[in-house]
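Biologist: I would like to go through this chain term by term. Please set each value against its cut-off.

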Amino acid sequence: MGAVETVIDEEHRAAFQADGFASLPRLVDDTELEWLRGVYDRLFSEHADFTTGDYFDIAGRQDSDKPARLPQIVRPEKFVPELVESAHFQRCRAIAAQLLDIPEDELDFYGHAILKPPNYGAATPWHQDEGYMDPRWRRRGLSIWTPLDEATVDSGCLHYVPGAHLGPVLPHRHIDDDDRIRGLVTDAVDPAAGVPVPLASGEAVVHALRAPHYAGPNLTDQTRRAYVLVFMGAAEEVADPEPRPWLDKR
Ligand code: AKG
């Protein structure tokens, strides 16, 4: 498949509102997909350095002597500013603006490059992105997840619980109850209610920041790379913030 036509319609908007997530049309054409894969391979070979704070294993301790099982680079745009000029980025920002009803130039964003190594990549446990956010500030936002490799149940596609974004921020804890691990998990989701969203490379799914989600371990022989773009409107101060005690333990 070559050309990409990006549009979201009423169905995407309705699914996003009712379910908290929506599968999107293909967002990356073949040429850009190859370019993005090359960018990832360079990023993870040149910037896999735990001392900088840009690279970490979300599923493990940074002082482990074992290879990272869920390595991430935050804000890869810092190293590769061309990412922001890509057609993929422009499409994602336009979709975010439409779904949030916030003008494009008022949206903040940051990216995550995530890599699940073949036959070794750990599960991303159930969590809400909002579980990572400071409760003293409220921001309307969403996350667009674009796999650069086919994302299946076996390679670690995302799973969601339809409608669960309408509930509260759930209690979270650090993975393995180890505060030195950055990743959070909530036990308040029934995994049986999760719906997998398999995607071809270059397709995408958008979710609300409160939508609980999960991705399984990578049981396949193929790396599962994904580019996540989070878009948010202006921060509003919350008068009476709810406690998120797990955030104090970092
Ligand atoms: C997120 O984008 O919030 C995720 O949890 C991604 C997880 C993954 O790619 O395994």
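Modeller: A residue is buried if 20 or more other C-beta atoms lie within 10 Å of its own, exposed if 12 or fewer, and partly exposed in between, with C-beta atoms placed from the backbone. This is a predicted model, in which local features need pLDDT of at least 70 and side-chain atom pairs count only at pLDDT 80 or more, while totals for chains, interfaces and linings use all residues. Residues are numbered from 1 along each chain as its sequence is written.

Biologist: Why is His 88 called buried?

Modeller: His 88 has 25 other C-beta atoms within 10 Å, so it is buried. His 88 is found in helix 3 (residues 87-100); helices (H or I, at least four residues) and strands (E, at least two) are DSSP runs, numbered from the N terminus.

Biologist: What does His 88 touch, leaving out residues up to four places away in sequence?

Modeller: Its contacts (C-beta atoms, placed from the backbone, within 7 Å) are Leu 27, Val 28, Glu 32 and Thr 146. Leu 27 lies 61 residues from His 88 in sequence, yet their C-alpha atoms are 5.8 Å apart.

Biologist: What makes the phi of Asp 176 worth a remark?

Modeller: Most residues other than glycine have a negative phi. Asp 176 has a positive phi of about 60° although it is not a glycine, and Asp 177 also has a positive value, near 55°. Asp 176 sits in the loop between strand 9 (173-174) and strand 10 (184-185), and Asp 177 is likewise in the loop between strand 9 and strand 10.

Biologist: How do you know that the chain agrees with a compact globule?

Modeller: The radius of gyration is taken over C-alpha atoms, and the globule rule is 2.2 Å times the number of residues to the power 0.38. For 250 residues a compact globule would be near 18 Å; the chain has 17 Å, so the two agree. The C-alpha trace spans about 45 × 45 × 35 Å along its principal axes. Buried residues make up 41% of the chain. There are 3 helices and 15 strands.

Biologist: What makes strand 2 and strand 3 a pair?

Modeller: Two strands pair if DSSP finds at least two bridges between them. Strand 2 (residues 55-57) and strand 3 (residues 71-74) have 3 bridges, in the antiparallel sense, and Asp 57 has Pro 71 as its bridge partner. Strand 3 is also joined by 3 bridges to strand 4 (residues 108-116), again antiparallel. There, Gln 72 is bridged to Ile 114.

Biologist: Which residues surround the ligand, and how do they divide by class?

Modeller: A residue is near a molecule if its C-beta atom, placed from the backbone, lies within 6 Å of it. The shell includes Ile 114, Asp 129, Trp 145 and His 213. By class, the shell has 5 nonpolar, 4 polar and 1 charged residues; Ala, Val, Leu, Ile, Met, Phe, Trp, Tyr, Cys and Pro count as nonpolar, Asp, Glu, Lys and Arg as charged, and the others, Gly among them, as polar.

Notes: Two residues are in contact if their C-beta atoms, placed from the backbone, lie within 7 Å.
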